[in-house]
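Please look at the sequence and the model below before reading on.

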Amino acid sequence: MGEIKRIVYYLPDYGIPRGIDFGYYRYTSVQPKLETHLHYNSIELCFCIKGKQHYLVGDKRYQLSGNDILVVPPNTHHGTGDFPEDKGELFWLQINLDNNHETLCNLTYDQSNILMEELLKTTGVIIKGALDIKVYLEKLIGQLDDFTSVLNKIKVNHLVLQILLGTIELSEKSQSTYQNKRLALIDEYIYQNMYRTIYVDELATVLKISTGYFKSWFRTKAGVTPKEYVNRIKIEHSKAILLKRPTITEVAFELGFSSSQYFATTFKKYTGLTPKSYIGSRR
């Protein structure tokens with residue numbers, strides 16, 4: 001079984017006014033799905049650092065990749081839907097919106113209200129820039145693990161504010177249409193060549209850059225390797241085909257996998273189910 005690392009800090013225990021939970025996980029294998037739940041009168045910021053994660057927020061679906069941020073609005077049911085919690089690395093931070101009794105991180109009431117209003121504007125869209133905030137998220141864990149003095153408390157409040165302000169700033173920046181177009185070209189090429197093996201140097205050629213630079217660039221932008229990205233798309237596509245073809249082996253070879261065993265292993269890696277189990281659950 002792969003390594004499972006999950007840490008949750010209850011922020012009121014650390015003197016963070018209006019803070020609720022701050023958490024982190026790093027999974028090297030697929031975990032059970034996140035059941036549907038809601039946070040009463042509070043927002044949750046999710047920072048996907050590595051891998052992919054699916055969320056169903058209300059009736060809207062989101063797919064987060066490495067470097068994505070999603071702010072879940074208050075009083076809204078959310079979870080991973082039919083998807084498992086995927087392997088990868090993710091931080092989350094929950095903030096109470098109610099300022100009847102205390103202010104956020106010891107700001108004034110006016111400052112707290114303005115900050116909360118700006119955060120609410122960021123809900124419902126995927127924001128790029130989780131990697132820019134990662135340093136503050138990691139520092140926050142360090143301070144909480146060594147919470148021994150008043151100075152730690154000051155630093156923790158300061159880091160929470162940096163994370164919140166950084167998220168607002170990233171949401172205000174226009175997303176790079178150039179980078180988005182490059183990823184769109186890669187997606188288009190993958191879908192056009194879905195039914196065969198796709199090599200990394202082909203994808204680099206699409207963008208007219210070297211294979212070495214492409215690998216580095218792609219991992220920074222997508223949060224996964226090119227091979228993993230291609231396999232994820234193929235597995236998602238295979239779900240519909242599995243219900244129409246007579247054998248799993250036929251689907252495996254149709255999508256360019258070298259064997260039915262490799263296809264089945266990859267399918268379970270990204271869905272938590274074997275192809276046979278998936279077919280059974282749908283029929």
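## Ala264 and how the model was made

Ala264 is partly exposed, with a relative accessible area of 25%, where buried means under 20% relative accessible area, exposed means over 50%, and partly exposed is anything in between, using a 1.4 Å probe and protein chains only. This residue lies in helix α9, and helices (H or I, at least four residues) and strands (E, at least two) are DSSP runs that are numbered from the N terminus. Ala264 and Thr274 stand 10 residues apart in sequence, while their C-alpha atoms are 6.0 Å apart in space.

The model is a predicted one, in which local features need pLDDT of at least 70 and side-chain atom pairs count only at pLDDT 80 or more, whereas totals for chains, interfaces and linings use all residues. Residues are numbered from 1 along each chain as its sequence is written, and side-chain values use heavy atoms, with hydrogens and water left out.

Helix α7 is mostly covered, since 13 of its 17 residues are buried.

How do the axes of helix α7 and helix α9 cross? The axes of α7 (residues 226-242) and α9 (residues 260-271) come within 10 Å and cross at roughly 95 degrees, where axes are lines fitted to C-alpha atoms, for helices over the stretch in contact, and angles run from 0 to 180 degrees between N-to-C directions. That makes α7 roughly perpendicular to α9, because angles of 65 to 115 degrees count as roughly perpendicular, those under 35 as roughly parallel, those over 145 as roughly antiparallel, and the rest as oblique. Among the residues that make the contact are Lys227, Glu228, Asn231 and Ile235 of α7, together with Tyr262, Phe263, Lys269 and Tyr270 of α9, contact meaning heavy atoms within 4.5 Å. The residues of this contact divide into 6 nonpolar, 4 polar and 5 charged; here Ala, Val, Leu, Ile, Met, Phe, Trp, Tyr, Cys and Pro count as nonpolar, Asp, Glu, Lys and Arg as charged, and the others, Gly among them, as polar.

Glu228, which is found in helix α7, is buried, with a relative accessible area of 12%. Leaving aside neighbours within four places in sequence, Glu228 is in contact with Lys87, Lys269 and Tyr270.

In soluble globular proteins, nonpolar side chains tend to be buried together. A nonpolar core is a set of buried Ala, Val, Leu, Ile, Met, Phe, Trp, Tyr and Cys residues joined through side-chain atoms within 4.5 Å. The largest such core has 36 residues, of which Phe22, Phe47 and Leu164 touch the most other members. Several elements each supply at least two residues of this core, including β2 (19-27), β3 (42-57), α2 (130-145) and α3 (150-172), and the largest share, 8 residues, comes from α3.

Not counting residues up to four places away in sequence, Phe22 touches several residues, including Ile7, Val8, Phe91, Trp92, Leu137 and Leu144. A second, separate core of 29 residues includes Ile198, Ile241, Phe257 and Phe263.

## Residues in the loops

Is His39 buried or exposed? His39, found in the loop between β2 and β3, is buried, with a relative accessible area of 13%. Apart from neighbours within four places in sequence, His39 is in contact with Glu44, Pro74, Asn75, His78 and Gln94. His39 and Gln192, by C-alpha atoms, are 42 Å apart in space and 153 residues apart in sequence.

Most residues other than glycine have a negative phi.
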